[in-house]
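Reader: Before I plan anything around this protein, could you take me through the model with care?

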Amino acid sequence: MQVEVIKNSDGKTICRADARDKLIEIKNKDIVTTIRFLDDGTIEVTNKAA
C-alpha cells in the first residue's frame, strides 16, 4: 500500500490517500473512515473503531 499523507496548512494530518487502491482513510478521534472509489463509479464508505 503506497500511502500519501495529506496535511492541512497548519501541518496537521487530515487523511491518508492511496492512489493505487483508490482509497482515502480519515481518522477522527476513535473512528477510522475509509472511502474507496470503485471501478463502477460508486463509492464505498466504511467506519470502524480505531
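The questions and answers below go from the whole chain to single side chains.

Author: This is a predicted model, in which local features need pLDDT of at least 70 and side-chain atom pairs count only at pLDDT 80 or more, while totals for chains, interfaces and linings use all residues. Residues are numbered from 1 along each chain as its sequence is written, and side-chain values use heavy atoms, with hydrogens and water left out.

Reader: What pattern does the chain follow when read along the sequence?

Author: Helices (H or I, at least four residues) and strands (E, at least two) are DSSP runs, numbered from the N terminus. By that count the chain has 0 helices and 5 strands, and its C-alpha trace spans about 35 × 20 × 20 Å along the principal axes. Read along the sequence, the pattern is β-β-β-β-β.

Reader: What share of the residues of the chain count as buried?

Author: Buried means under 20% relative accessible area, exposed over 50%, and partly exposed in between, with a 1.4 Å probe and protein chains only. The chain has 50 residues, and the part of them that counts as buried is 12%.

Reader: Which residues does Arg36 touch, not counting residues up to four places away in sequence?

Author: Arg36 is placed in strand E4, residues 31-37, and its C-alpha atom is separated by 4.3 Å from that of Leu23, 13 residues apart along the chain. With contact meaning heavy atoms within 4.5 Å, and not counting residues up to four places away in sequence, Arg36 touches Asp21, Lys22, Leu23, Thr42, Ile43 and Glu44.

Reader: With which side chain does that of Arg36 meet in a salt bridge?

Author: A salt bridge is a side-chain nitrogen of Lys or Arg within 4 Å of a carboxyl oxygen of Asp or Glu, and the structure holds 4 of them. Arg36 is partly exposed because its relative accessible area is 29%, and Glu44 likewise counts as partly exposed, at 37%. At 3.8 Å, N to O, the partner of Arg36 is Glu44.

Reader: How far apart are the closest N and O atoms of Asp39 and Lys22?

Author: Asp39 and Lys22 form a salt bridge. The pair links distant parts of the chain, 17 residues apart, with Asp39 in the loop between E4 and strand E5 (43-49) and Lys22 in the loop between strand E2 (13-18) and strand E3 (23-28). Asp39 is exposed, with a relative accessible area of 73%, whereas Lys22 is partly exposed, at 37%. Their closest N and O atoms are apart by 2.5 Å.

Reader: With which residue does Arg16 form a salt bridge?

Author: Arg16 counts as partly exposed because its relative accessibility is 34%. The closest N and O atoms of the pair are 2.6 Å apart, and the partner is Glu25.

Reader: Which side chain of opposite charge is nearest to Asp18?

Author: Asp18 is placed in strand E2, and a polar atom of its side chain lies 3.2 Å from the backbone nitrogen of Asp21. Lys and Arg count as positive and Asp and Glu as negative, while His and the chain ends are not counted. Asp18 is buried yet has no salt bridge, and at 5.3 Å the nearest side chain of opposite charge is Arg20.

Definitions and conventions
A polar contact is a pair of N or O atoms within 3.5 Å; within protein, one must be able to donate a hydrogen and the other to accept it, and residues adjacent in sequence count only if both atoms are side-chain atoms.
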